[in-house]
Amino acid sequence: MNERKTEKSDKIYIVKRIRLLDFLVSKGFKDYKVIPDPTSTKKYNWFIFEDSEEIRAAANEYFDNIQKSKNV
């Protein structure tokens with residue numbers, strides 16, 4: 001039986017905030033797909049990344065930085 005194996009995970013991480021996208025790209029992550037936001041009639045995009053612990057840690061770092069700046 002021939003099974004096709006893919007290197008990419010089926011799990012995705014969706015980014016809807018442009019500032020988060022900028023932060024992730026500055027950390028070296030590359031978006032691999034851009035799709036129009038299916039929930040909005042405006043011209044917004046979703047940025048699709050392969051899900052990983054590393055990208056979630058970077059996103060948590062971004063949100064922690066926002067929270068710290070609000071508490072100052």
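Student: Is I12 buried, partly exposed or exposed, and why?

Tutor: The model before us is predicted. I12 has a relative accessibility of 41%, so it counts as partly exposed.

Student: Which residues form a nonpolar patch on the surface together with I12, and what is the accessible area of the patch?

Tutor: A residue needs over 30% relative accessible area to belong to a patch, and I12 has 41%. The nonpolar patch holds I12, I14 and Y32, and their accessible area together is about 240 Å².

Student: In which strand does I12 lie, and which residue is its bridge partner in strand 3?

Tutor: I12 lies in strand 1, which covers residues 12–15. Strand 1 pairs with strand 3 in the antiparallel sense, over four bridges. In strand 3, the bridge partner of I12 is E50.

Student: What is the order of the strands in the open sheet, and which are the edge strands?

Tutor: The sheet is open and has three strands with antiparallel pairing, in the order 1-3-2. Each edge strand pairs on one side only. The edge strands are strand 1 and strand 2 (33–36).

Student: By what angle are neighbouring strands of this sheet turned against each other on average?

Tutor: This average leaves direction out of account. For the neighbouring strands of the sheet, the angle is 30°.

Student: Which helix packs on the sheet, and which strands does it touch?

Tutor: The helix in question covers residues 18–26, and its direction makes about 30° with that of strand 3. It is helix 1, and it touches strand 1 and strand 3.

Student: How many bridges join strand 2 to strand 3, and which residues stand opposite K33 and I35?

Tutor: Strand 2 and strand 3 (residues 45–50) run antiparallel and are joined by four bridges. In strand 3, I48 stands opposite K33.

Student: How do the elements of the protein run from the N terminus on?

Tutor: The secondary structure comes to two helices and three strands. From the N terminus on, these elements run β-α-β-β-α.

Student: What percentage of the residues of the protein count as buried?

Tutor: To count as buried, a residue must have under 20% relative accessible area. The protein has 72 residues, and the buried share of them is 24%.

How values were computed: Residues numbered from 1 in each chain as written. Predicted model: local features only at pLDDT ≥ 70, side-chain atom pairs only at ≥ 80, totals over all residues. Heavy atoms only, no water. Patch = residues over 30% accessible without salt bridge, like charges linked within 9 Å, V, L, I, M, F, W, Y side chains within 5 Å. Areas by Shrake-Rupley, 256 points an atom, 1.4 Å probe, with all protein chains shown as cover. Salt bridge = Lys/Arg side-chain N within 4 Å of Asp/Glu carboxyl O. Buried < 20%, exposed > 50% of the residue type's maximum accessible area, 1.4 Å probe, protein only. Pairing = 2+ DSSP bridges. Axes fitted to C-alpha atoms, helices over the stretch in contact; angles between N-to-C directions. Contact = heavy atoms within 4.5 Å.
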